[in-house]
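Subject: Structure handover

Hello,

Here is the structure for you to open. My notes follow below it.

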Number of protein chains: 2
Amino acid sequence: MERIFIEDLSARTGEEVIIAGWVDVRRDHGKLIFIDLRDATGTVQVVVLPNHTEAHDIATKVRGEWVVSIRGKVNKRPEKMVNPDLPAGDIEIEATEITILSEAQELPFEKSGELNLDTYLDNLPLVLRSDRTRAIFRVQAEILRAFREFLTEERFTEIRIPKIVGGDAEGGAAVFGVDYFDHKAYLATSPQLYKQIMVGVFERVFAATSVFRAEKHSTTRHINEYTSLDLEFGFIKDHRDVMAIETRLLKHVMNRLSQRCTREFALLDATIPKVLDEIPALKLREAQQVIKEEFGEDCTNEPDLEPQHERWLCEYALKKFGSEFIFITHYPVKKRPFYTYEDEDDKGYTKSFDLLFRGLEVTTGGQRINDYDMLVKNIKAWGLKSENFSYYLQAFKYGMPPEGGLGMGLERLTEKLLGLTNVKEATLFPREMNRIDTLLSE
Amino acid sequence: MERIFIEDLSARTGEEVIIAGWVDVRRDHGKLIFIDLRDATGTVQVVVLPNHTEAHDIATKVRGEWVVSIRGKVNKRPEKMVNPDLPAGDIEIEATEITILSEAQELPFEKSGELNLDTYLDNLPLVLRSDRTRAIFRVQAEILRAFREFLTEERFTEIRIPKIVGGDAEGGAAVFGVDYFDHKAYLATSPQLYKQIMVGVFERVFAATSVFRAEKHSTTRHINEYTSLDLEFGFIKDHRDVMAIETRLLKHVMNRLSQRCTREFALLDATIPKVLDEIPALKLREAQQVIKEEFGEDCTNEPDLEPQHERWLCEYALKKFGSEFIFITHYPVKKRPFYTYEDEDDKGYTKSFDLLFRGLEVTTGGQRINDYDMLVKNIKAWGLKSENFSYYLQAFKYGMPPEGGLGMGLERLTEKLLGLTNVKEATLFPREMNRIDTLLSE
């Protein structure tokens with residue numbers, strides 16, 4: 001007999017089936033043994049009655065995380081026992097035969113319990129099995145899927161971005177060195193230069209790609225390796241075209257999440273944000289004025305926003321516009337990378353933007369300079385060596401339309417969407433200064 | 001007026017439209033100027049008649065790779081002028097207005113011309129714009145899409161694999177060192193250990209992920225950074241379940257390519273292989289016997305296959321079974337990584353396989369050891385330190401079903417599918433010993 005996935009059991013009421021998975025919990029009610037069994041698709045309750053002697057004997061032995069296959073009958077649950085939060089919540093399995101496929105050692109702690117961050121990270125191979133973390137990374141997989149789905153539909157082509165690079169693309173980010181045979185190479189801090197080159201090839205490109213920042217921060221906002229959801233495209237009028245596509249992209253992602261991940265959002269007690277047809281946008285200077293007037297702090301002379309400012313602006317956007325997202329545009333030329341487009345009508349400021357969501361910056365984007373001479377001039381003005389950019393500059397030497405794009409941090413987006421408090425919780429195997437899986441020795 | 005994508009023009013016959021893109025070629029026929037214009041979706045012929053004086057003046061100036069937007073009328077082509085190989089081959093645009101969006105410097109050579117490999121690699125930002133390379137990487141994007149599509153449908157969950165790791169996962173592969181703050185870290189040579197850990201979490205997982213090999217080879221088969229298409233899943237009977245899912249996966253990919261990439265395959269003069277319902281499989285020893293009998297070389301004492309052996313076996317599979325794919329199974333225990341499952345019925349040999357396609361190994365896979373004690377024993381027997389694997393071993397300590405998986409090289413698959421002769425041609429920005437974009441200085 002073929003093994004059946006748990007989410008398909010409801011359609012098999014009354015039938016005999018074989019299922020297989022991990023023992024999530026075993027509960028004994030007198031002689032009755034209940035097992036919550038977990039597989040790729042969900043969790044189902046299995047009941048082992050004492051009259052199935054052999055199965056019952058085995059059931060008394062199994063503990064959390066043991067792997068078993070179970071033969072049994074699919075029974076409809078009484079109306080009032082139906083659990084609508086589970087894919088197979090309307091049925092249960094009456095086990096007639098249990099086979100142990102893999103035993104588990106005794107768990108060091110309850111895998112779904114409250115753990116401090118170090119214990120959590122030390123034990124990821126086990127604790128990732130909890131309902132909570134499984135929900136987090138299911139949602140993350142759906143974000144990835146919806147991101148690609150939308151952009152493919154919009155005629156973007158997926159590209160593969162190299163991770164080993166000859167230098168720091170943007171100039172300024174902290175970068176990891178790589179021993180590359182007899183040379184020094186680096187880990188990419190951004191796919192920026194490659195995706196711009198590829199606009200010349202495919203006009204519209206995207207990538208979900210790992211980037212690396214050698215930042216010595218140890219905060220709830222930073223990890224040293226993360227996933228950047230990037231897109232870049234030609235024939236834009238200005239940065240607002242990029243903001244418009246991000247708005248539609250976010251709408252698509254949220255729609256898909258509400259179709260595919262309701263159970264996960266319910267479990268995590270998180271809500272899917274509404275994306276307005278037009279996400280409110282403020283120039284940085286306007287935003288600073290708002291902070292001064294509404295929150296009493298004068299940051300109008302700062303070239304950038306501090307974390308507290310971002311939280312205030314999100315609070316403001318929600319109250320004033322009913323939006324959980326807000327764009328901040330027109331950062332000063334000198335605070336942005338050399339390729340950022342200066343606004344002709346607002347000299348000294350750029351056609352660039354950040355997107356804030358629930359108190360955190362989750363996207364940076366904008367229009368890029370597409371004129372070769374201007375780029376060469378800026379590379380010098382930024383104190384960089386144009387010979388280091390000769391490869392990149394070819395793309396602009398040989399014809400490049402007005403273009404722009406954005407990069408969105410997958411883990412930060414996941415974190416904020418699900419109301420987590422640390423980006424590490426939204427990263428499968430987070431890399432931090434003193435930890436690669438296990439703590440690094442002194 | 002909204003700009004229209006080229007592939008949508010056929011539906012607009014008789015209408016006035018605006019299109020935009022790169023000048024692929026300009027041809028003058030007396031006073032008549034023809035421009036092949038290229039955008040994200042295809043190429044269309046634009047004709048500029050001398051009576052549209054202003055447009056005609058501009059058209060005399062434009063050259064290859066200039067970026068323009070063109071207003072004009074969509075005219076049906078006469079029956080015998082229809083080019084069925086182009087998405088807009090049944091129409092042409094009669095230009096009434098041309099706007100230059102970006103000029104291009106004179107091209108150093110014809111971008112579609114025959115180039116030696118160094119010139120090609122030195123000029124990728126330009127030469128990637130040729131029809132040929134665009135076709136190659138479109139196909140690659142479709143392979144990625146079809147890979148994910150199939151596995152999502154099969155209830156696999158996508159996972160993000162870290163690239164910075166604490167050590168060499170498999171033991172044996174040449175590895176790049178990373179300066180990780182005050183520590184030494186490495187670039188992942190494979191997602192193996194992480195995907196196995198994640199079988200404990202999601203049962204069925206996949207990733208398309210970059211891996212890094214510090215191999216000093218400079219051959220047509222090697223690159224130092226490549227994309228591994230990985231899957232791993234639980235509750236298998238043995239390695240044949242993995243081979244079966246690969247067979248179905250390949251069927252799906254080839255189906256999708258024949259739906260979505262006929263134009264690209266035609267352009268590259270490549271054929272989409274037929275995937276048999278059952279791909280032929282030989283044990284390594286049987287394969288070596290075939291080589292001896294059919295091709296006269298005795299390699300029966302070798303623990304592995306040489307490139308020439310792989311080519312011969314593919315030749316044999318095509319002739320004997322009508323298959324462009326062939327599985328080779330049962331490599332010796334000592335030639336495979338520590339986690340490879342030994343065949344109880346064929347001691348000394350493993351339940352592992354390679355898949356050969358058109359003369360090249362494109363996949364390695366098999367059943368893995370899922371028993372904790374056995375893994376610990378093997379790690380020692382392989383001369384590795386079990387404390388380096390403590391993280392990984394947790395997954396097996398706490399219950400792991402019989403499981404297996406595979407890794408497929410995206411670039412090699414692309415290369416062989418499209419009949420290219422060098423894996424670098426199937427890699428967007430290939431990393432090799434002496435080159436990261438530009439040649440590394442001595």
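Helices (H or I, at least four residues) and strands (E, at least two) are DSSP runs, numbered from the N terminus. This is a predicted model, where local features need pLDDT of at least 70, side-chain atom pairs count only at pLDDT 80 or more, and totals for chains, interfaces and linings use all residues. Residues are numbered from 1 along each chain as its sequence is written, while chains are lettered from A and ligands numbered from 1 in the order in which they are written.

**Chain A overall**

Chain A has 12 helices and 19 strands. Its C-alpha atoms fill a box of roughly 85 × 55 × 45 Å along the principal axes. I call a residue buried if 20 or more other C-beta atoms lie within 10 Å of its own, exposed if 12 or fewer, and partly exposed in between; the C-beta atoms are placed from the backbone. On that count, 49% of the 442 residues in chain A are buried. Two residues are in contact if their C-beta atoms, placed from the backbone, lie within 7 Å. Take the contacts in chain A with a separation of 6 or more: 64% of them join residues 24 or more positions apart.

**The two chains together**

Two copies of a chain are related by a rotation about an axis and a shift along it. Here, chain A goes onto chain B by a turn of 180 degrees and a shift of 0.0 Å along the axis, with an RMSD of 0.0 Å. That is how a two-fold axis relates its copies. In chain A, Val178(A) has the C-alpha nearest the axis, 2.3 Å from it. The superposition is by least squares on the C-alpha atoms of residues with pLDDT of at least 70 in both copies.

Now the interface. In it, 76 residues of chain A are in contact with 75 residues of chain B. Helix 4 (residues 131-153) of chain A gives the most to chain A's side, with six residues. By class, that side has 41 nonpolar, 17 polar and 18 charged residues. For the classes, Ala, Val, Leu, Ile, Met, Phe, Trp, Tyr, Cys and Pro count as nonpolar, Asp, Glu, Lys and Arg as charged, and the others, Gly among them, as polar.

**The barrel in chain B**

Five strands of chain B form a closed barrel in the order 1-2-3-5-4, with mixed pairing. Neighbouring strands are turned by 50 degrees against each other on average, direction ignored. Two strands pair if DSSP finds at least two bridges between them. Strand 1 (residues 16-29) and strand 2 (residues 32-39) of chain B run antiparallel and are joined by seven bridges. Trp22(B) stands opposite Arg38(B) in strand 2 of chain B.

Helix 1 (residues 53-61) of chain B lies across strand 2, strand 3 (42-48) and strand 5 (91-102) of chain B. Helix 1 runs at about 70 degrees to strand 5 of chain B. For such angles, axes are lines fitted to C-alpha atoms, for helices over the stretch in contact, and values run from 0 to 180 degrees between N-to-C directions.

**Helix 12 of chain A**

Look at helix 12 (residues 410-417) of chain A. Eight of its eight residues are buried, so the rest of the structure largely encloses it. Among them are Leu410(A), Arg412(A) and Lys416(A). The buried residues of helix 12 pack against helix 4 and strands 10 (204-212), 11 (225-234), 14 (352-357), 15 (360-368) and 16 (403-409) of chain A. Just after helix 12 of chain A, Gly419(A) takes a positive phi of about 65 degrees.

**Single residues to check**

- Gln45(A) lies in strand 3 (residues 42-48) of chain A. Gln45(A) is buried, because 20 other C-beta atoms lie within 10 Å. Not counting residues up to four places away in sequence, Gln45(A) touches Phe34(A), Asp36(A) and Glu92(A).
- Asp269(A) is not a glycine, but its phi is positive, near 55 degrees. Asp269(A) lies in the loop between helix 7 (262-267) and strand 12 (281-283) of chain A. Asp269(A) counts as exposed, with 8 C-beta neighbours inside 10 Å.
- Arg358(B) also has a positive phi, near 50 degrees. Arg358(B) is in the loop between strand 14 (352-357) and strand 15 (360-368) of chain B. With 19 C-beta neighbours inside 10 Å, Arg358(B) counts as partly exposed.

Best wishes
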